[in-house]
Amino acid sequence: MNQLKEVVNAVLEQQKLQLAPSTYDARKNYLKHLVEYGDYLGIQVPCQELYDAYVARAVTPDLRFQLLQEVGIIRLQAV
């Protein structure tokens with residue numbers, strides 16, 4: 001398992017009991033896509049290059065905001 005997946009799994013495990021089920025499912029979906037995009041780019045560690053590329057994919061301001069929120073959570077855990 002790569003470092004990015006480990007961080008994402010740690011975040012999801014930590015927040016599973018803190019969030020409402022629907023919020024948790026949405027977060028899990030966004031973070032799953034982050035890991036998949038990292039695999040696509042060949043990036044297996046949390047880094048600014050991945051965060052920027054992931055957020056740049058947003059096509060609406062609302063989606064951009066949500067992706068920035070998810071990236072922020074991963075940044076905090078990855079430190």
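How many residues does helix H4 have, and how far does helix H4 reach from its first C-alpha to its last? This is a predicted model, where local features need pLDDT of at least 70, side-chain atom pairs count only at pLDDT 80 or more, and totals for chains, interfaces and linings use all residues. Residues are numbered from 1 along each chain as its sequence is written, and side-chain values use heavy atoms, with hydrogens and water left out.

Back to the helix: H4 covers residues 61-78, which makes 18 residues, and spans 25 Å, close to the 26 Å expected at 1.5 Å a residue. That expected span is 1.5 Å times one less than the number of residues. Helices here are DSSP runs (H or I, at least four residues), numbered from the N terminus.

Which side of H4 is tucked away? Leu 67, Glu 70, Val 71, Ile 73 and Ile 74 are its buried residues (buried is under 20% relative accessible area, exposed over 50%, partly exposed in between, with a 1.4 Å probe and protein chains only). Looking down the axis of H4, these buried residues fall within an arc of 155 degrees, so they line one face of the helix; the arc is taken from the directions from the helix axis to the C-beta atoms. They pack against helices H1 (3-15), H2 (21-41) and H3 (48-56), where contact means heavy atoms within 4.5 Å. On the other side of H4, Pro 61, Asp 62, Phe 65 and Leu 76 are exposed.

Now for the charges. The count comes to 3 salt bridges, each a side-chain nitrogen of Lys or Arg within 4 Å of a carboxyl oxygen of Asp or Glu. One of them joins Glu 70 to Arg 27, with the closest N and O atoms 2.9 Å apart. Glu 70 sits in H4 and Arg 27 in H2, so this pair ties together parts that are 43 residues apart in sequence. Both of these residues are buried.

Another salt bridge pairs Asp 39 with Lys 5, at 4.0 Å between the closest N and O atoms. This pair links distant parts of the chain, with Asp 39 in H2 and Lys 5 in H1, 34 residues apart. Asp 39 is partly exposed, with a relative accessible area of 37%, and Lys 5 counts as partly exposed at 31%. Glu 36 and Lys 32 also form a salt bridge, at 3.9 Å, and both lie in H2, 4 residues apart, about one turn of the helix.

Key
Helix = DSSP H or I, 4+ residues; strand = E, 2+ residues; numbered from the N terminus.
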